[in-house]
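Keep the sequence and the 3D view open while reading.

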Amino acid sequence: MSDTRRRVKVYTLNEDRQWDDRGTGHVSSTFVERLKGISLLVRAESDGSVLLESKISPNTAYQKQQDTLIVWSEADNYDLALSFQEKAGCDEIWEKICQVQGKDPALDITQDPIDESEEERFEEIPETSHLVELPHCELSCLEEIADLVTSVLSSPIRREKLALALMSEDYLKKLLGLFRVCEDLDNREGLHHLYEIVRGVLFLNKAALFEVMFSDDCIMDVVGCLEYDPALVQPKRHREFLTKTAKFKEVIPITDSELRQKIHQTYRVQYIQDIILPTPSVFEENFLSTLNSFIFFNKVEIVSMLQEDEKFLTEVFAQLTDEGTDDSKRRELVNFVKEFCAFSQTLQPQNRDAFFKTLANLGILPALEIVMGMDDLHVRAAATDIFSYLVEFSPSMVREFVMQELQQTDDDVLLINVVIKQMICDSDPELGGAVQLMGLLRTLIDPENMLASINKTEKTEFLSFFYKYCMQVLTAPLLANTAHDKNSKDFQEAATKINPVCPDNFQTAQLLALILELLTFCVEHHTYHIKTFIMNKDLLRRVLVLMNSKHTFLALCALRFMRRIIGLKDEYYNRYIIKGNLFEPVINALLDNGTRYNLLNSAIIELFEFIRVEDIKTLIAHIVENFYEALEPIEYVQTFKGLKGRYEQEKDRQSHKLTRYRREARSMDDDEELWFNEDEDDDEAEAVDKSRVEDDYSDGYGKYMEAKKAGATNGANNGKVTALPPTSPPATPNNSSAASVKTVALPASPVVKAPLVGLVDYPDDEDEDEEDEEEEQSPRKRPRLSS
């Protein structure tokens with residue numbers, strides 16, 4: 001990037017109060033999803049790496065100095081500076097900072113400007129001395145302390161001063177000691193002041209203060225202070241919940257005391273943030289950013305410490321897969337792994353990769369296979385959540401496992417079949433778990449996330465595996481609920497009547513809708529495999545039985561499945577639909593719907609409108625010839641008249657083609673006469689004797705026969721003549737058409753072109769028609785077919 005206006009050097013202030021150069025790069029102000037806000041982003045000009053990523057906080061004091069320098073402080077007195085190469089670039093970034101904070105760019109500091117002498121005094125004061133004169137830590141001074149803490153929250157610089165003052169001389173611990181005194185004396189006024197003080201100290205947003213407040217010695221007193229909200233008539237009992245109700249369960253004993261302490265601390269701090277503290281207002285939302293970071297880094301540390309303890313995790317998975325483990329113990333183990341995976345979401349991408357690879361090596365997928373088949377609903381739900389973490393992380397890892405598993409186990413206990421059966425057997429009336437599992441299955445069978453590996457076989461191998469071993473399990477409820485008695489005399493009319501086995505149970509209808517949604521996805525994304533499955537199982541006919549369901553959403557799912565198939569415009573599918581007369585249940589549903597203008601009506605009409613607009617000739621002909629009489633009264637849309645119009649146009653085009661071929665055949669007679677006339681002129685021009693004339697006549701006749709043969713060959717090459725010499729009948733793609741050709745005599749005269757053209761226009765042989773048309777368009781194919 002050659003724009004020198006945005007070229008900057010990044011500096012940080014070290015412990016010796018000296019500026020360290022962190023590198024040179026180009027700065028931009030952009031929205032960063034991870035930080036959820038407009039941020040300053042500096043990328044190194046050497047390799048494009050990120051030198052700085054800092055969210056523009058509404059309450060941070062930014063200062064512009066010397067026209068090319070912007071300085072500010074972040075958490076823990078972490079001072080930063082950007083030194084611009086050009087003043088114009090500095091002004092642009094400064095305007096962006098002021099825009100985010102709602103300040104006037106004419107100012108040189110965005111928060112609480114102070115005069116230069118005061119700033120100089122501030123820099124000269126040693127960090128260990130009091131920057132704010134704190135009142136004595138006594139009961140009589142609690143109101144004064146509370147007023148002081150709440151008054152500084154609007155000023156970043158005063159917050160810094162107060163934070164430094166509180167850190168000295170264990171002032172916080174003395175305040176928490178006063179809390180115990182006030183509680184013993186039941187001094188409600190003092191307790192209310194302490195609530196305001198502790199809440200204000202949290203809003204100072206300083207990690208150093210959090211380390212003191214959340215230590216084992218102080219955290220319960222902090223929680224106690226936050227129980228006495230002045231807005232409440234009676235205090236909350238948060239400490240009672242944390243000490244008596246909430247129980248820490250060690251599924252496997254944790255021997256590391258530091259790890260155990262970190263887990264306790266994280267749980268309690270999370271409780272303070274989520275339960276005790278009120279939802280921050282718009283003006284307070286940045287006050288607790290450091291608290292979020294405190295929890296975040298604690299979780300990262302917990303995951304890292306557990307991951308490094310191989311003995312601990314090995315024991316967890318050994319007990320999880322051990323058949324001798326009792327159900328209650330297994331439930332605790334599953335919940336632990338679920339929490340473990342949830343914590344892992346805080347890791348950086350490269351660390352998360354290592355985390356899930358560790359779990360895979362320890363055997364998490366075989367363990368899930370066991371617990372997902374258990375009767376305990378809570379265990380199955382937790383196992384589903386763990387499975388979702390794994391699928392979202394790496395679908396390929398799960399696919400690889402299930403294909404390897406096939407060599408070691410039966411079809412019924414394959415992990416994917418276990419997942420499908422759990423989806424089918426979900427006891428929740430709303431099928432919440434089934435919906436989640438269906439989404440995971442769709443992710444697994446989505447070709448878009450199948451890696452193009454070295455041998456490029458993952459997609460082919462997995463889809464072949466899925467359709468061979470899993471698809472029959474997935475479609476079993478659909479096939480069972482749409483079964484026909486094929487020996488019944490009413491079988492042909494089954495699609496036109498309310499089927500007695502059509503599911504009217506709401507939960508079953510929901511399940512079938514989920515299965516149809518997945519099958520519709522397969523039609524869109526899997527070509528060969530799903531087409532073969534549909535044809536072998538006559539699946540579309542079975543699905544269209546659901547058009548009779550009283551649940552409109554299920555009928556719409558069935559219609560959507562057919563719409564996706566027709567949307568492919570695949571003649572193989574079209575012939576299947578025509579042969580099975582599969583438009584009949586759709587048209588019956590339209591007629592049964594009557595004059596009601598609803599979603600079903602619109603969806604069916606859209607299906608036929610698509611066929612009309614795309615001009616799918618085979619389907620148009622089938623619909624008009626078989627159903628137009630029933631559809632003709634529908635006049636509130638022009639779709640069906642449009643289909644009829646398309647049909648008539650195609651008929652006219654075909655008849656015009658026949659007429660054109662016949663005229664071409666007759667024109668050959670004129671050519672013959674012209675040849676004879678030319679021959680006679682040649683004879684009259686030559687004054688020779690009778691024998692010479694006879695010889696010339698014989699020669700001329702021979703030339704005529706050669707010319708006639710050459711004319712037939714040229715006519716075939718020009719696409720005007722479809723006949724071949726009598727000794728070589730045309731090759732045909734199927735037996736029936738071959739038989740029909742062989743029964744036609746092929747005389748030597750070119751006049752036979754018209755009868756041969758008639759062969760390609762038999763109304764009952766559409767396949768042959770299409771193939772002959774292709775041959776006409778590319779006449780050079782014919783010699784290859786007959787060779």
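Which residue forms a salt bridge with arginine 653? The partner is glutamate 650, and the closest N and O atoms are 2.8 Å apart. A salt bridge here is a side-chain nitrogen of Lys or Arg within 4 Å of a carboxyl oxygen of Asp or Glu.

This is a predicted model: local features need pLDDT of at least 70, side-chain atom pairs count only at pLDDT 80 or more, and totals for chains, interfaces and linings use all residues. Residues are numbered from 1 along each chain as its sequence is written, and side-chain values use heavy atoms, with hydrogens and water left out.

## Overall make-up

The protein has 787 residues, and 43% of them count as buried. Buried means under 20% relative accessible area, exposed means over 50%, and partly exposed lies in between (1.4 Å probe, protein chains only). The protein holds 35 helices and seven strands. Both are DSSP runs numbered from the N terminus: helices are H or I with at least four residues, strands are E with at least two.

The accessible surface comes to about 42,100 Å². Carbon and sulfur atoms supply 49% of that surface. Areas come from the Shrake-Rupley method with a 1.4 Å probe; for residues, only the protein chains shown count as cover.

Contacts are heavy atoms within 4.5 Å. Among contacts with a separation of 6 or more, 64% join residues 24 or more positions apart.

## Salt bridges

Side chains of opposite charge can pair when their charged atoms come close. The count for this protein is 25 salt bridges. Three of them are listed here.

| Salt bridge | N to O distance |
|---|---|
| Lysine 64 and aspartate 91 | 3.2 Å |
| Arginine 612 and glutamate 609 | 2.6 Å |
| Arginine 653 and glutamate 650 | 2.8 Å |

Take arginine 653 and glutamate 650 again. They are three residues apart in helix H30 (residues 639-685), so about one helical turn separates them. Arginine 653 has a relative accessible area of 38%, so it is partly exposed.

Arginine 612 and glutamate 609 sit in helix H28 (residues 599-614). They too are separated by about one helical turn, because they are three residues apart. Arginine 612 is partly exposed at 22% relative accessible area. Glutamate 609 is partly exposed at 25%.

What about lysine 64? Its bridge to aspartate 91 has closest N and O atoms 3.2 Å apart. Lysine 64 counts as buried because its relative accessibility is 15%.

Leucine 107 comes within view of this site. Leucine 107 lies in the loop between H1 and helix H2 (116-124). Its relative accessible area is 41%, so leucine 107 is partly exposed.

## Surface patches

Patches are made of residues with over 30% relative accessible area and no salt bridge; like charges are joined within 9 Å, nonpolar side chains (Val, Leu, Ile, Met, Phe, Trp, Tyr) within 5 Å.

Which residues gather in a patch of negative charge? They are Asp256, Glu258, Glu308, Asp309 and Glu310. Lys and Arg count as positive, Asp and Glu as negative; His and the chain ends are not counted. Each charge is placed at NZ of Lys, CZ of Arg, CG of Asp or CD of Glu. Glutamate 308 belongs to helix H11 (residues 289-308). At 65% relative accessibility, glutamate 308 is exposed.

Leu139, Val181 and Leu185 make a nonpolar surface patch of about 240 Å². Valine 181 is in helix H5 (residues 171-185). Valine 181 is partly exposed, at 35% relative accessibility.

## Loop residues

Aspartate 186 is not a glycine, yet its phi is positive, about 55°. Aspartate 186 sits in the loop between H5 and helix H6 (188-203). Aspartate 615 also has a positive phi, near 55°. Its loop runs between H28 and helix H29 (617-631).

Valine 545 lies in the loop between helix H24 (539-544) and helix H25 (552-567). Its relative accessibility is 4%, so valine 545 counts as buried.
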